[in-house]
Amino acid sequence: MKIIILGGAGESTKYVYNYLSKQFDIERVIIEQPVSSKKLLKGRVKKLGYFKVINQLFFQVITSKILRLISKKKIRSLKKLLDLDSSPIPKEKCFLLASINNNVALNLISQLAPEIIIVNGTRIISDRILKSCNATFINTHVGITPQYRGVHGGYWALVNNDKENCGVTIHTVDSGVDTGGVLKQGLIKVEPYDNFHTYPLKQYATGLPLLAEVISTKINKEAFNYMDRSYCNSNLYYHPSFSEYLFYRFYSGVK
């Protein structure tokens with residue numbers, strides 16, 4: 001079956017491509033450029049308000065960068081231990097575009113006519129893209145759904161003292177935010193050295209073999225065995241703010 005990847009420009013798309021390309025022929029990797037900061041902030045303010053967004057920016061600009069800096073050595077060794085390959089994706093495989101929802105993306109997907117589309121780190125995909133071909137769209141979400149939809153699912157599970165739901169989900173994609181049918185889920189083991197930047201590494205390392213299993217199921221033309229998660233609460237999470245991070249760091253010990 002013809003497989004393509006719709007990915008964001010972040011490092012995790014490289015993890016996905018490099019892992020899957022060892023087992024499957026990836027036809028093309030369509031990479032979406034980041035949303036402009038102005039547009040992103042405008043959307044966040046509309047949803048969350050000025051105070052919340054400014055507080056989030058303090059976390060992202062100051063705290064998150066400091067965490068990444070002091071964890072640089074641990075992140076490097078953990079990526080090696082977990083076999084997460086961030087080598088560049090071959091240029092001949094890549095196609096860059098501004099938005100996964102624009103006409104260029106629509107035409108390219110229609111021309112490629114894939115049967116499996118792997119989604120990673122893009123903005124919410126519009127209905128017209130989802131309906132542009134007969135492909136099955138599959139996403140790796142770094143959180144257990146539906147309890148931890150949105151971003152930083154592992155972190156928020158730990159904040160809620162919910163280690164039994166600190167993990168990763170493989171699901172089909174619909175027009176909602178991480179609301180597609182759940183195919184596979186896996187949990188991660190959190191160590192004392194872990195922090196905000198190492199949780200996702202463990203989530204991807206756990207999730208990629210599950211993603212490969214799902215792809216193999218599709219290639220073998222077997223029916224998906226969806227997990228029943230209808231009994232679970234559904235919650236949508238955003239980036240932590242500076243004050244939230246500090247509170248949970250010192251109150252709950254969640255780094």
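How far is the sulfur of Cys-232 from the closest cysteine sulfur, and in which residue does that sulfur lie? I found a distance of 15 Å, to Cys-166, too far for a bond.

**Basis.** I worked from a predicted model, in which local features need pLDDT of at least 70 and side-chain atom pairs count only at pLDDT 80 or more, while totals for chains, interfaces and linings use all residues. Residues are numbered from 1 along each chain as its sequence is written, and side-chain values use heavy atoms, with hydrogens and water left out.

**Cysteines.** I took a disulfide to be a pair of cysteine sulfur atoms within 2.5 Å, and the count came to 0 disulfides. For Cys-94, the closest cysteine sulfur is that of Cys-133, at 19 Å, again too far for a bond. I then looked up accessibility, where buried means under 20% relative accessible area, exposed over 50% and partly exposed in between (1.4 Å probe, protein chains only). Cys-232 is buried at 15%, whereas Cys-94 is partly exposed at 23%.

**Nonpolar cores.** I defined a nonpolar core as a set of buried Ala, Val, Leu, Ile, Met, Phe, Trp, Tyr and Cys residues joined through side-chain atoms within 4.5 Å. The largest one holds 28 residues, and Val-16, Leu-20, Ile-26, Ile-118, Leu-211 and Ile-215 touch the most other members. At least two residues of this core come from each of β1 (3–8), α1 (11–20), β2 (26–32), α4 (72–81), β4 (116–120) and α8 (199–219). Helices (H or I, at least four residues) and strands (E, at least two) are DSSP runs, numbered from the N terminus. The largest share, 8 residues, is supplied by α8. With contact meaning heavy atoms within 4.5 Å, and residues up to four places away in sequence not counted, Ile-215 touches Ile-3, Leu-20, Phe-24, Ile-116 and Ile-118. I also noted a second, separate core of 18 residues, which includes Leu-97, Ala-105, Ile-129 and Cys-133.

**Cavity.** On a 1 Å grid over the protein atoms alone, a cavity is a set of points where a 1.4 Å probe fits but cannot get out, and lining residues have an atom within 4 Å of a point. Grid points are joined across faces, edges and corners, and a volume is the space filled by probe spheres set on the points. I counted 1 cavity of 30 Å³ or more; the largest cavity has a volume of about 40 Å³. Its lining consists of Tyr-15, Asn-18, Tyr-19, Lys-22, Asp-83, Leu-84, Asp-85 and Leu-208. Helix α1 gives the most to this lining, with 3 residues.

**Asn-55.** I located Asn-55 in helix α3 (residues 50–70). Asn-55 is buried, with a relative accessible area of 11%. Leaving aside neighbours within four places in sequence, Asn-55 is in contact with Ser-241, Phe-242 and Ser-243.

**Backbone.** I found a cis peptide bond between Thr-145 and Pro-146, with omega about 5°. Pro-146 lies in the loop between β5 (136–141) and β6 (149–150). His-152, not a glycine, has a positive phi of about 60°; this residue is in the loop between β6 and α7 (153–159) and is partly exposed at 22%. Lys-221 likewise has a positive phi of about 60° without being a glycine. Lys-221 sits in the loop between α8 and β9 (236–237) and is exposed, with a relative accessible area of 71%.

Conventions
1 Å grid on protein atoms, 1.4 Å probe; cavity = no way out; pocket = protein on both sides within 12 Å on 5 of 7 lines; lining within 4 Å.
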